[in-house]
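Please find below a colleague's note on the model under review.

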There are 2 protein chains.
Amino acid sequence: MKDVAAAAGVALKTVSRVVNDEAGVNPATAARVQAAIERLGYRRNESARVLRGGRTATIGLVIEDVADPFYSEISRAVEDVALRHGSLVLSGSSREDPLRERELVLTFCDRRVDGLVIVPAGSDHDYLLPELDAGVAAVFADRPGGLEADTVLCDNVGGAHTGVTHLIRHGHRRIAFLGDDPSIFTAAERLRGYRRGLADAGLSADDSLVAMGPVEAAGAALDRMLTTPEPPTAVLTGNGRITVAVLRGTGHRPALVGFDDFELADVLSPAVTVVAQDPAGLGRTAAELLFRRLSGASGPVERIELPTRLIPRGSGELPP
Amino acid sequence: MKDVAAAAGVALKTVSRVVNDEAGVNPATAARVQAAIERLGYRRNESARVLRGGRTATIGLVIEDVADPFYSEISRAVEDVALRHGSLVLSGSSREDPLRERELVLTFCDRRVDGLVIVPAGSDHDYLLPELDAGVAAVFADRPGGLEADTVLCDNVGGAHTGVTHLIRHGHRRIAFLGDDPSIFTAAERLRGYRRGLADAGLSADDSLVAMGPVEAAGAALDRMLTTPEPPTAVLTGNGRITVAVLRGTGHRPALVGFDDFELADVLSPAVTVVAQDPAGLGRTAAELLFRRLSGASGPVERIELPTRLIPRGSGELPP
DNA sequence: CTGAAAGCGCTTACAG
DNA sequence: CTGAAAGCGCTTACAG
């Protein structure tokens, strides 16, 4: 900028005015400055500009893993909204590790991001308190965080309820639920939806048909259930990775409804009936909420729940 | 920092020393400063720090689309390497649009990223020249860019050659190739590999068995081929999306080798034989090359080609 | 319409 | 071991 000013024979401030399209510059002067800018290939240093103003026009995104399609959909949606608001996105994968989540968030805060979209890996977010005081905005997505802040979730209970009810309508009475570790919010919620669905249909819950735990154990758990005297005739899986584990399983496959849609679900035979979530909606809504806060919205903390959608494809319509 | 200095009764510079773990500070003074830092909840502003030094410890990543598993794998690998080097990643999706690619790259440059990993959407990168002069490093990944710079590619020719040769070994003589638009580098390269494979086996190329074009047209193109008097008995697809298009196709399915691996390829029946690329390796290698440049490496421009791997699963071993 | 000064939050280079 | 001054590249607040 100094060089441009010198080349155009004006003061720094005048260059700044031209660069920022500020009114009240003599057209001739402006043209001279513009020429110098082009000749020297000058491009304003956004970091310096931002240091002076308050904002960095950058937000941070912490997800579990970019390489997981569910999260990469979220990622793309957040990116889109951010770009539309003139912001860039720093992103990082927590790998479901609360410490890594915390480290990423604090690193982003050190770069003075304006706001954060966080898919919480941990449940304690006290470490965020000083940052929130300092003015960063934060929105939790997919799972609630450990403090009062805007949050966008899927309707996990409703989705699981819909899934199990669908199987009941197709004549099933013994329906297994294979879920992830119940310490994970979404896993616990989906289990609740499953149980409520059974209860609403007047069916008694049978805990021997429920297996919550690491994804790797899901296949074996189902195999065990299938060798009992009263095996399940249908399964509701608690997330996409568990659905895949079941699909990889050998042997007889009961009727199946999977929580979370996935590519090629329609190509398998039978095609897989799923309760689809809306990851793009999750990311978009979270980012929009964030930018609303950044532009000054000061209403009460919001908690939005996005609906799920049952997609019948065959595996969930098999008779007992 | 000023507040901390005042609170600890020292000069700014001393706080800076403590924050940076510089040697030669009286332990008692350091402790006093440390206490003030904690009491005030001080965190250094990395942007300001960076303004003074030369680097931003940030790199830019431009891919086609984060929501595509191939690119999200690249993304994760780049992220990992960057974090290991103390850098953060700004990323954006070009949507295969050269203008958007350019805009993203220049936006990143305005933020003064230290370097860029680019999956080129366009073939003209002259717009990068002034930035390179200004000191940003750039590495092209997956496809070569329009100027001399470090580049990491997959062995597209070799991979397609391996795929078609595999089908030939299993008795096929009429093998179709369904590829993407040949203006896309990888598509053209794979077509070359296919042709070379046929030639090496002494088979004559039959252009009626080749269809290059938009992914949406691939299914119809294959259907047409299958209704001719001498239909192909096998297909090599040019990328993952085309493989899926073929899998979605109704009717008789010839033997199939797909370029690029995908989730659930092993669950389909028959399971799908693929030529697997190494997207994580692509991202890792590109990022490592970038950081090598950033730490001063000044050797000649590198061009690295990553090997592919044939994974036989069933669909590619079907007899004619 | 234009500019000189001060400052954003930090570090570098120097002096004591 | 500690600090006062200058500067990174820009903008804000003011004066002319």
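1. Strand E10 of chain B, residues 273–276, is joined to E12(B) by three bridges, and the two strands run antiparallel. Within this pairing, Val274(B) has Ile311(B) of E12(B) as its bridge partner. The model is a predicted one, and the points that follow should be read accordingly.

2. Which order do the six strands of the open sheet in chain B follow? The order is E7-E6-E8-E9-E10-E12, and the pairing is mixed. The edges are held by strand E7 (210–212) and strand E12 (309–311) of chain B; each has a single partner strand, so one side of each is left without a neighbour in the sheet. From one strand to the next, the twist averages 15°.

3. Two helices of chain B that pack on this sheet deserve mention. Helix H8, residues 156–169 of chain B, touches strand E6 (175–179), strand E8 (234–237), strand E9 (255–259), E10 and E12 of chain B. The direction of H8 makes about 170° with that of E9(B). Helix H11, residues 240–248 of chain B, packs on the sheet through E6, E8 and E9 of chain B. For H11 the angle is taken against E8(B), and the two directions make about 145°.

4. The contact between the chains involves 37 residues of chain B and 37 residues of chain A. On the side of chain B that touches chain A, at least two residues each are supplied by helix H4 (46–52), helix H5 (69–84), strand E2 (88–93), helix H6 (98–110) and H11.

5. The same surface serves both copies, since 100% of the contact residues of chain B recur in chain A.

6. For chain A, the domain assignment gives domain 1 (2–44), domain 2 (54–154 + 279–305) and domain 3 (156–278). The C-alpha centres of domain 1 and domain 2 of chain A lie 38 Å apart.

Note on methods:
Residues are numbered from 1 along each chain as its sequence is written. Chains are lettered from A and ligands numbered from 1 in the order in which they are written. This is a predicted model: local features need pLDDT of at least 70, side-chain atom pairs count only at pLDDT 80 or more; totals for chains, interfaces and linings use all residues. Two residues are in contact if their C-beta atoms, placed from the backbone, lie within 7 Å. Domain bounds come from an automatic or database domain assignment. Two strands pair if DSSP finds at least two bridges between them. Helices (H or I, at least four residues) and strands (E, at least two) are DSSP runs, numbered from the N terminus. Axes are lines fitted to C-alpha atoms, for helices over the stretch in contact, and angles run from 0 to 180 degrees between N-to-C directions.
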